[in-house]
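Please look over the structure shown here before reading the points below.

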Amino acid sequence: MAKETTQSSVFDSTPDSQMYEYKLSVEKVQSELLQYGLTSNQSKVFIYLGKYGSKTAPEVCKALKLPRTETYHLLSALQNKGVVSATFQHPIQFTALPLDKAIWILVNSEKERVKSLEQMEKGLSELWENIPAFDSMHEEVEEKFQMLQGSNQIHSKITEMTDSYNDEFLILGSEKDYLKLYHGDFLESFVKSKQQFRLLSACSDKTSYIFDDLERKNIKKLSKDIENHLCFILKDNGEMLFFTKNANSTEELFAMWTNSKSMVYSMKLLFESLWTSSKNIHL
């Protein structure tokens, strides 16, 4: 009886092999594909098909050393996402789409999903309002803390805060922090705003252009003695977003949101003190 040959792939490469350099690149691609909604094993199967050509399910199973049932589930999921196609022949051959087309499909699929969620929001809100609050005895607002990691979570929270403030919005930040806010279009909400806002900035004259459309009386320049790592946002004297790792950090952004009255009040005192000692931005 003929001995079955063992199939291998770049995923099996060891540090002493010539293929190891490619394995590192493959793992990087695999990690990036997670951002597009693929699981680790879905990414692995997609990469394998993309670089080794059309394969049958048993071939994928053996080469990637995956359980048989899971392999069929992975291939089915990739087909449903539109990034892998299958032939009508027997045995069925599976083929990965070119990477650029696959990403286009995944991105547009996510856009459609978000669009659908936005359209559902009104009906869901109405349904929610029709449900009474069963714990009506506790009307006092609880003080809460929320840890936020990464640009997506933090930018989403900033958008929520800028869209819903009523009285005053205060920001203190470094030059890099304000550049991120500017390029993220967060400062646009203050251009025609009827509500109060004040900005304390460590920006240099080279980057003062980011305030061109804003009332300069609402902007002051921080002293050079202030640490560039200090950055926080205050909304209506009721909410605070404090960056523990801001744009000046080499690591991923990290922030804490809270509605703690004492913490918000403390940071408001700090802001007012720095505002008094800071100079106006030159026209």
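1. Two strands are taken to pair if DSSP finds at least two bridges between them. Strands are DSSP runs (E, at least two residues), numbered from the N terminus, as are helices (H or I, at least four residues). The model is predicted: local features need pLDDT of at least 70, side-chain atom pairs count only at pLDDT 80 or more, and totals for chains, interfaces and linings use all residues. Residues are numbered from 1 along each chain as its sequence is written, and side-chain values use heavy atoms, with hydrogens and water left out.

2. Strand β3 (residues 145-149) runs antiparallel to β9, and 5 bridges join them. In this pairing Phe 145 stands opposite Thr 258 of β9.

3. Strand β8 (residues 239-245) is also antiparallel to β9, joined by 5 bridges. Here Lys 245 stands opposite Phe 254 of β9.

4. How many of the 5 residues of strand β9 are buried? The count is 4 for this strand (residues 254-258), so β9 is largely enclosed by the rest of the structure. Buried means under 20% relative accessible area, exposed over 50%, and partly exposed in between (1.4 Å probe, protein chains only).

5. A disulfide is a pair of cysteine sulfur atoms within 2.5 Å; by this rule there are 0 disulfides. Cys 231 is in none, and the nearest cysteine sulfur, that of Cys 203, is 11 Å away. Cys 231 is buried, at 4% relative accessible area. Cys 61 also counts as buried, because its relative accessibility is 16%.

6. The protein chain is divided into domain 1 (18-100) and domain 2 (145-280), with bounds from an automatic or database domain assignment. The C-alpha centres of domain 1 and domain 2 are 44 Å apart.
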